[in-house]
Amino acid sequence: MDNRAVFFFGAAVACMLLVPVSDGYAWVSATVAAVYVLLGLGSWLDARSHRRL
Amino acid sequence: MELSVILVIAVALAFDYVNGFHDAANSIATVVSTRVLSPRIAVLWAAFFNFAAFLVFGDAVAATIANDVVTQDVLSIGVIFAGLVGAILWDLITFWFGLPTSSSHALVGGMAGAAVAKAGFGVLITEGLRKIGIFIVLSPLIGLAMGLIITLTIFWVFHRNRNVERLNRGFRTGQLASAAAFSLGHGANDAQKTMGIILALLIASDHAAPDASTPLWVVLAAHTAIGLGTLTGGWRIVKTMGSKITRLQPVGGVAAESGAAITLFATSAAGIPVSTTHTITGAIVGVGAARRLSAVRWGVAGRVVWAWVLTIPGAFGISWLTFLLVDLLS
């Protein structure tokens, strides 16, 4: 897997870990985590398509 | 008003001045490094919008700083003075090393350190500190995601455009608007922190009721101080932000500043004191990462992150010692 996707998935995990302690802002942590999962997937697919070219 | 209160208000405004001076780089690093504006015009541009922020935003962040860091009963002139000294010294130390650390977190650490020196750890408000702590992690990540998404959107919208020179000219003009928006967000979030400290001081010295809103003269004084600080801004950090983390083109500057400005507008409206420094650094990394992860100089970014981690403990320690010294002398 490419480094960028790993970085984004790592950021998603960090945000998910914040959800239980975020009280009124848990939705912010969860939304940012979801965005990073999407970015990670996008980056992984991008790297995969580049390798195939 | 007693002389001691006036003196501490002057120190608070000095902190605001140093904040503008230290954080000027955040607002102007990208416009200067992409050569859209000369350094002299860039600081004037940023200072104007720093000052104008008081017309646009409320005082939700000021209320968080005044009420949610330490309990009201522990706040005294000595505690506020020691807290400010700790924050100013930490800002100057990191300025010397060219590190873009957060003046906001230095202030939070400073206030906490001085209050703990006076009355122990029981005076810290866990809820408020937790909110600030969570956004220490979230604000650079939100800035990074915003910078990256805006960059990708711009690339997607303009990918058929072959006239690169004309496109670059357009983005150079666009950077004026994005730098103005970021300076507005910076003025709103950062000047409010000093407003919060002065409000806490006025409450502690019985010059304002515990539920009072921020007086207009405090709002104007805080925005003037941060504007003046930006006007005399520091160049060491401009270099780190503008070229050491990743090389920026006008299109990247627009994306980074817009992403950071959106994050600051949202958090200012919600009353969350985030670091403008962390947000713009995250956004710049996001712009670099849109190309490829190796476009970001991770060694420099790592050094910056370490400075962030050390900011609250560093300012806490200096303020703690300062309070003990003030207490001993008085």
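This note sets out, in numbered points, how the two chains are built and how they pack.

1. Basis of the model. The model is predicted, so that local features need pLDDT of at least 70 and side-chain atom pairs count only at pLDDT 80 or more, while totals for chains, interfaces and linings use all residues. Residues are numbered from 1 along each chain as its sequence is written, and chains are lettered from A and ligands numbered from 1 in the order in which they are written.

2. Overall build of chain B. Chain B has 12 helices and zero strands; helices (H or I, at least four residues) and strands (E, at least two) are DSSP runs, numbered from the N terminus. Of its 330 residues, 58% count as buried. A residue is buried if 20 or more other C-beta atoms, placed from the backbone, lie within 10 Å of its own, exposed if 12 or fewer, and partly exposed in between. Among contacts in chain B between residues at least 6 apart in sequence, 90% join residues at least 24 apart; two residues are in contact if their C-beta atoms, placed from the backbone, lie within 7 Å.

3. The contact between the chains. Chain A gives 16 residues to this contact and chain B gives 12 residues. On the side of chain A that touches chain B, α1 (3-18) and α2 (26-52) of chain A each supply at least two residues. The largest share of that side, seven residues, comes from α1(A). By class, the side of chain A that touches chain B has 12 nonpolar, three polar and one charged residues. Here Ala, Val, Leu, Ile, Met, Phe, Trp, Tyr, Cys and Pro count as nonpolar, Asp, Glu, Lys and Arg as charged, and the others, Gly among them, as polar.

4. Helix α1(A) meets helix α6 (residues 126-158) of chain B, their axes coming within 11 Å and crossing at roughly 150°. That makes α1(A) roughly antiparallel to α6(B). Axes are lines fitted to C-alpha atoms, for helices over the stretch in contact, and angles run from 0 to 180 degrees between N-to-C directions. Angles under 35 degrees count as roughly parallel, over 145 as roughly antiparallel, 65 to 115 as roughly perpendicular and the rest as oblique. The crossing of α1(A) and α6(B) is left-handed, a term used if the near helix is turned anticlockwise from the far one by less than a right angle, with right-handed used if clockwise. A11(A), A14(A), C15(A) and L18(A) of α1(A) make the contact with I134(B), V137(B) and L141(B) of α6(B). By class, this contact has seven nonpolar, no polar and no charged residues.

5. A helix pair within chain B. Helix α4 (residues 77-96) and helix α5 (residues 103-119) of chain B pack at an angle of about 140°, with their axes 7 Å apart. The two helices are therefore oblique to each other, and their crossing is right-handed. Residues making this contact include G83(B), G86(B) and W90(B) of α4(B), and G109(B), G110(B) and G113(B) of α5(B). By class, the contact of α4(B) with α5(B) has 10 nonpolar, six polar and two charged residues.

6. The nonpolar core. A nonpolar core is a set of buried Ala, Val, Leu, Ile, Met, Phe, Trp, Tyr and Cys residues joined through C-beta atoms within 7 Å. The largest such core has 114 residues, and those touching the most other members are V32(A), Y36(A), I80(B), L84(B), A145(B), I198(B) and L201(B). Its largest share, 14 residues, comes from helix α7 (residues 164-204) of chain B. Not counting residues up to four places away in sequence, L84(B) touches V11(B), A12(B), F15(B), G110(B) and I197(B).

7. V43(B) is placed in helix α2 (residues 39-52) of chain B and is buried, with 23 other C-beta atoms within 10 Å. The C-alpha atoms of V43(B) and L228(B), 185 residues apart along the chain, are separated by 9.6 Å. T94(B) lies in helix α4 of chain B and counts as buried, with 26 C-beta neighbours inside 10 Å.

8. Two loop residues with positive phi. D23(A), a residue other than glycine, has a positive phi near 45° and is found in the loop between α1 and α2 of chain A. With 10 C-beta neighbours inside 10 Å, D23(A) counts as exposed. D206(B), also not a glycine, has a positive phi of about 60°. D206(B) lies in the loop between α7 and α8 (216-231) of chain B and is exposed, with 9 other C-beta atoms within 10 Å.
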